[in-house]
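Reader: I am new to this structure and would like a friendly tour. Could you show it to me and then take my questions?

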Amino acid sequence: MLRLKYTALCAASNRGQTRRTRLFRQMFCLMLLVFGCLPLARAASVVDASQPPLERDEAVSLEQEVKSTLERNGINPRLAGRFHAPESHFDSDCHGEPCWVDADGRPVSRRILLKTNIPAWACLWQNLAFEIDILPHWSFELPVYWSPYDYGKRTLKFRTFSIIPKFRYWTSADNDGFFLDIHGGFAYYNIALAGGKRYQDHDGNTPALGGGIGAGYRFRLPDPRWKIEVAVGAGVYALDYDVFDNVRNGLVIDRRKRTFWGIDNFAVSLSYEFYVRPRCKQKKGGAL
């Protein structure tokens, strides 16, 4: 009777995994669709038909002011990325919103990046991250990892669905270069490393919960919209998981609770950025 009970529990767990797998597959397809629309997003960020265009003289004057300011500070306008303008350069309709210019000298209110962690793909962890600037020196990132795959056989796997939201502090006001972060995290997991046991979060619905700190550096590439980023983080997580025999429909043999601390994320990410145009008019004669 005990063996039949455990077998029924395992079958129910497998049915739950199937439902979650379908859900995660749909979510990941949606993320791929968003990532595939980057060229369209770039075009949309350059031309905004809903905004009245600046007069030609005003546009030329603004571009000259921006370029001269960058050059006075020893910055190549074509490679500047972004440059912070004081609030006084904008009228009250901006509500104090920070504003920069892009690599071509056009004003932008903030930058949005989509990125993917290259080493994670080697582990068959599909992943996509979204990052948005909040203020000079501050940004928010939301990476998502998902893997429903075995490594060639059922007894070797590292399945996961995890999200690690991060708030980042950048030492530079243009939100590039070196950064520190504070992050949270939760992860569902199903791990078997070719041994006699398989480990899965309890009942398939008890994710690891925790958080930590991290640091990294973002490098610019020749095309200012593309960047490479290296990041590493460490944290503390509460784990509650079941231990199974590592065979098909293996029985539950134990339940364990423990605290994990150590490296919780490592990334070498390729990112693409596009810009959000400001929804306010610039003051005539304003100076950077």
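**A guided look**

Author: Welcome! The secondary structure of the protein chain comes to 4 helices and 13 strands; helices (H or I, at least four residues) and strands (E, at least two) are DSSP runs, numbered from the N terminus. This is a predicted model, in which local features need pLDDT of at least 70 and side-chain atom pairs count only at pLDDT 80 or more, while totals for chains, interfaces and linings use all residues. Residues are numbered from 1 along each chain as its sequence is written, and side-chain values use heavy atoms, with hydrogens and water left out.

Reader: What share of the residues of the protein chain count as buried?

Author: Buried means under 20% relative accessible area, exposed means over 50%, and partly exposed is in between (1.4 Å probe, protein chains only). Of the 288 residues of the protein chain, the buried share is 42%.

Reader: How many aromatic pairs are there?

Author: Rings of Phe, Tyr and Trp (its six-membered ring) pair if their centres lie within 6.5 Å; planes under 30 degrees apart count as stacked, over 60 as edge-to-face and the rest as tilted. By this rule, the number of aromatic pairs is 10.

Reader: Are Trp170 and Phe179 buried or exposed?

Author: Trp170 and Phe179 form an aromatic pair that is tilted, with 4.8 Å centre to centre and 50° between the planes. Arg168 lies over the face of Phe179, at 4.0 Å from the ring centre; a charge sits over a ring if NZ of Lys or CZ of Arg is within 6 Å of the ring centre and within 35 degrees of the ring normal. As for Trp170 and Phe179, each of them is buried.

Reader: Which side chain of opposite charge is nearest to Asp264?

Author: Asp264 has its place in strand β13 (residues 252-276). Asp264 is buried yet has no salt bridge, that is, a side-chain nitrogen of Lys or Arg within 4 Å of a carboxyl oxygen of Asp or Glu. Lys and Arg count as positive and Asp and Glu as negative, with His and the chain ends not counted. At 7.2 Å away, the nearest side chain of opposite charge is Lys166.

Reader: With which side chain does the side chain of Asp264 make a polar contact?

Author: A polar contact is a pair of N or O atoms within 3.5 Å; within protein, one must be able to donate a hydrogen and the other to accept it, and residues adjacent in sequence count only if both atoms are side-chain atoms. The backbone nitrogen of Ala234 lies 3.3 Å from a polar atom of the side chain of Asp264. The side-chain partner, at 2.7 Å, is Tyr237.

Reader: Where does Asn175 lie, and is Asn175 buried or exposed?

Author: Most residues other than glycine have a negative phi. Phi of Asn175 is near 55°, a positive value. Asn175 lies in the loop between β8 and β9 (177-193). With a relative accessible area of 0%, Asn175 is buried.
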